[in-house]
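Let's take a friendly walk through a protein model, one part at a time. Please keep the sequence and the 3D view open as you read.

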Amino acid sequence: MSAPATPRRYRVVAREVETTDTVTLTLSPVDEPVDAPLPGQFMMLTSFGLGEVPISISGGNGAELVHTLRAVGPVTRALHAAAPDSIVGVRGPFGTDWGVDRSAGRDLLFVAGGIGLAPLRPAIWAAAESGHRGRTVVLVGARTPDDLLFRNDMAAWGRRPDIAFGLTVDRAAAGWSGNVGLVTSLVKRANVDPSRTTAFLCGPEVMMRVVARSLTDRGLAEADIQLSLERNMRCGAGLCGHCQLGPVLICRDGPVISLDRAGPLLATREL
């Protein structure tokens, strides 16, 4: 089925505060549900009367959708404030997915910076719950301990014998005893085999560029490095051009794009 052209109503059934400006909303359908999204895809979420914004999937069980969003503008501030039992609109799913299943048998490296952990979260769980036989490495960075998302998930990943988990913050705070430094420092120490590893990166573009360069320097092929790009998406169908990045329309050709395709575009300042 194609994505709906008009929003379908979903009810907020849970609202979990992640940080001072970030919440996770669990949505349940009121109207006919949209098609089940894949990890890495996004939905257009509507605050009725204000507008809609693209928000990646951060979880869900097929019937329910889970979205993690930061309050940065009028629409996201309204969605951030949405209380349980309120109604929002949903269109989608849109875009490309992480394709974790296409890397079966390989080692998987997930690198997240800040809210970039949200689109990676369902992919990490999909790999963990699929009986994936390769090595799985999850590396997470945030500005401060107060900016960390999904603390219960991270604790669970840290306890799993099949996941090598690393966490760091740019700036420590009182009571913090973990790593201090950029997530790129964890990448340099990660025990991965370049010949059999697929990497999944999500976070600020500068972080992804640095991490991707570190990985290619270690021998990873550019085609084996997947990035999730963010641009100003409006229509979700590749018609309006707001999310154009050179020859690529992020809502149609992304947001997940391999480095061999995205690298030259990110290196061009005018884009």
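How many bridges join strand 3 to strand 6? There are four, and the two strands, made of residues 42–47 and residues 87–94, run antiparallel. Before going further, please remember that this is a predicted model.

To see one of the pairings, find leucine 45: its bridge partner in strand 6 is valine 90.

A second sheet is open, and its seven strands come in the order 10-9-8-7-11-12-15 with mixed pairing. Its edge strands are strand 10 (179–180) and strand 15 (256–258), each of which pairs on one side only. Strand 10 pairs with strand 9 (residues 163–169) in the parallel sense, over two bridges. Here threonine 168 stands opposite asparagine 179 in strand 10.

Two helices to look for on this sheet are helix 5 and helix 7. Helix 5 packs against strand 7, strand 11 and strand 12, and its direction makes about 165° with that of strand 11. Helix 7 touches strand 12 and strand 15, and its direction makes about 95° with that of strand 15.

Let's zoom in on one pairing. Strand 11 and strand 12 pair in the parallel sense over three bridges, and leucine 201 stands opposite leucine 227 in strand 12. Which way do the residues of strand 12 point? Ile225 and Leu227 point one way, Gln226 and Ser228 point the other way, and all are buried.

## A closer look at helix 5

Helix 5 covers residues 205–217, 13 residues in total. From its first C-alpha to its last, helix 5 reaches 18 Å, close to the 18 Å expected at 1.5 Å a residue. Helix 5 is followed by glycine 219, whose phi is positive, near 110°.

Which residues of helix 5 are buried? They are Met207, Met208, Val211, Ala212, Ser214 and Leu215. These residues sit on the same side of helix 5 because they cover an arc of only 160° around the axis. In general, an α-helix has 3.6 residues a turn, so residues three or four places apart point the same way. What covers the buried residues of helix 5 includes strand 7 (107–113), helix 4 (183–189), strand 11 (197–202), strand 12 (225–228) and helix 7 (259–266).

## An aromatic cluster

A search of the whole structure finds five aromatic pairs. One of them is formed by tryptophan 98 and phenylalanine 200: their ring centres are 5.9 Å apart and their planes are at 85°, so the pair is edge-to-face. Tryptophan 98 lies in the loop between strand 6 and strand 7, while phenylalanine 200 lies in strand 11, so the pair ties together parts that are 102 residues apart in sequence. Both tryptophan 98 and phenylalanine 200 are buried.

Together, Trp98, Phe110 and Phe200 form one aromatic cluster.

## Around phenylalanine 110

Is phenylalanine 110 buried or exposed? Phenylalanine 110 counts as buried because its relative accessibility is 0%. Phenylalanine 200 is buried as well, with a relative accessible area of 0%.

Leaving aside neighbours within four places in sequence, phenylalanine 110 is in contact with several residues, among them Val100, Leu120, Ala123, Ile124, Ala127 and Phe200. Thr136, Val137, Val138 and Leu139 are also in contact with phenylalanine 110. The C-alpha atoms of phenylalanine 110 and arginine 121 are separated by 9.4 Å, and these two residues are 11 residues apart along the chain.

Conventions
Residues numbered from 1 in each chain as written. Predicted model: local features only at pLDDT ≥ 70, side-chain atom pairs only at ≥ 80, totals over all residues. Heavy atoms only, no water. Pairing = 2+ DSSP bridges. Expected span 1.5 Å × (residues − 1). Buried < 20%, exposed > 50% of the residue type's maximum accessible area, 1.4 Å probe, protein only. Arc of directions from axis to C-beta. Contact = heavy atoms within 4.5 Å. Phe/Tyr/Trp six-rings, centres within 6.5 Å; stacked < 30°, edge-to-face > 60°. Axes fitted to C-alpha atoms, helices over the stretch in contact; angles between N-to-C directions.
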